[in-house]
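Subject: Handing over the structure

Hi,

Here is the structure I promised to pass on to you. Have a look at it first, and then read my notes below.

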Amino acid sequence: TTSVCGQSGILNPFLQFQSLGKMYLAGTYFGFHTVANFGPENIPCTTGEMMLSFMSVIIGLASFALIIGEIDSIVREKNKINVWFREKLDETHKFIDRHKLSPDLSQRILHYIEEGWRRNRGLEDKNLLESLSGTLRRDVQLCLHRRMVADVPFFRQCSKEFVDAVCEKLEAGWCPPNEILIHKGSIGMEMYFLHEGEVEVSADPEMTHVFARMQGGSFFGELALLHEGGLLRTASIRSTTYCEYATLKKGDLDQLLLRFPREKKMLWRMSQQRKARSDQLEAEEAARSHAAIICQRAIRQYRMRKLLDVTDTSIASGSKA
């Protein structure tokens, strides 16, 4: 069977080549043509055309493979964090099942993880800061916290060096809505700097009566740092929105005070003043409570006498009748 060069519908294209090398070249070309299924079926007429077509095929396939590979890498990298989140959820469910946690506590744990994922996409400030150099980490800490720390009343008169050292000791944290940060009656060993969000303050552990709200830029729990061994919390504090905050632990502050004796004396003096004021308020509250008890007792006695007088009068009236 013979064929015309350049026409489609070829039955035996190898017949137009004479040498063995040309036949191998044609075989390789048509092998690629069959596997890749590219282009029209017109056959190159000369060896040069065959080589050019063959190189075009190689370059085209390589470019196509490179593009597909890059797209696959982009998709994999984008889904990598999603895969990590699913694995973390699976580990959390296994932890809950293994320890047989209550449904309410399990729901809180899952909500915490999901809220953190939705807000931060798995990026933790603590991990990021630890990956930075010491000097860069210090500069970031100062940029984030210096102004807020300097606004705390008992840090206001401290030296700039001491305030900077306090900023370096702060640890970042966050919590979802309806999370209790401070429980009334617990021993306080840290204070909070609220960067974002809102919290509510209540005098009872059940948070039934809220008497104050604080928003980003506020701080609370500072009295725990001024008392030896910590201080019993006098109120409960719960988040009402997503909150980002930083904490200063009492142990870290005690270590800093060893390096800053002036600030140590000043804070000790301030703690004594606050303690005296707190004792005075407690004494006044106890006096008011005692007075209220006496008044209630007097009122009950008065009502009892009135009731007895009315009863005696009724009995006397009945006897006369």
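A word on terms before the strands come up: two strands pair if DSSP finds at least two bridges between them. Strands (E, at least two residues) and helices (H or I, at least four) are themselves DSSP runs, numbered from the N terminus. Keep in mind that this is a predicted model, where local features need pLDDT of at least 70 and side-chain atom pairs count only at pLDDT 80 or more, while totals for chains, interfaces and linings use all residues. Residues are numbered from 1 along each chain as its sequence is written, and side-chain values use heavy atoms, with hydrogens and water left out.

The sheet

Let's begin with strand 4 (residues 190-196) and strand 7 (residues 219-220), which run antiparallel and are joined by two bridges. On its other listed pairing, strand 4 is linked to strand 10 (residues 243-249) by six bridges, again antiparallel. Tyr-192 turns up in both pairings: its bridge partner in strand 7 is Phe-220, and its bridge partner in strand 10 is Thr-247. Strand 10 also runs antiparallel to strand 1, with five bridges between them. There, Cys-175 stands opposite Cys-243 of strand 10.

Put together, that gives an open sheet of four strands in the order 1-10-4-7, with antiparallel pairing. Strand 1 (171-175) and strand 7 are the edge strands, each pairing on one side only. As background, strands of a sheet pair through backbone hydrogen bonds, either parallel or antiparallel. Helix 3 (residues 103-120) packs on this sheet, where it touches strand 1, strand 4 and strand 10. The direction of helix 3 makes about 115° with that of strand 1. For such angles, axes are lines fitted to C-alpha atoms (for helices, over the stretch in contact), and the angles run from 0 to 180 degrees between N-to-C directions.

How covered are these strands? I call a residue buried under 20% relative accessible area, exposed over 50%, and partly exposed in between (1.4 Å probe, protein chains only). Strand 4 is mostly covered, with five of its seven residues buried. Strand 10 is largely enclosed by the rest of the structure, because five of its seven residues are buried. Thr-247, which is found in strand 10, counts as buried at 10% relative accessibility. Leaving aside residues up to four places away in sequence, Thr-247 touches Lys-169, Leu-170, Glu-171, Met-191 and Tyr-192; contact here means heavy atoms within 4.5 Å.

Helix 2 and helix 3

Helix 2 (residues 47-99) packs against helix 3 at an angle of about 170°, and their axes are 11 Å apart. That makes the two helices roughly antiparallel; the scheme is under 35 degrees for roughly parallel, over 145 for roughly antiparallel, 65 to 115 for roughly perpendicular, and oblique for the rest. From helix 2, the contact includes Trp-84, Phe-85, Leu-89 and Ile-96, among others, and from helix 3 it includes Ser-106, Ile-109 and Trp-117. By type, the residues of this contact are nine nonpolar, four polar and two charged. Nonpolar covers Ala, Val, Leu, Ile, Met, Phe, Trp, Tyr, Cys and Pro; charged covers Asp, Glu, Lys and Arg; the others, Gly among them, are polar.

Ser-106 of helix 3 is buried, with a relative accessible area of 9%. Not counting residues up to four places away in sequence, Ser-106 touches Ile-96 and Leu-101.

Helix 5 and helix 6

What angle do helix 5 (residues 134-150) and helix 6 (residues 160-169) make? Their axes come within 8 Å and cross at roughly 115°, so the two are roughly perpendicular to each other. Among the residues that make the contact are Arg-138, Leu-142 and His-145 of helix 5, and Val-163, Asp-164 and Cys-167 of helix 6. That contact divides into six nonpolar, two polar and five charged residues.

Two loop residues

Lys-100 sits in the loop between helix 2 and helix 3. Its phi is near 55°, a positive value in a residue other than glycine, and Lys-100 is exposed at 71% relative accessible area. Asn-178, in the loop between strand 1 and strand 2 (180-182), also has a positive phi, about 65°, although it is not a glycine. Asn-178 is exposed, with a relative accessible area of 59%.

Cheers
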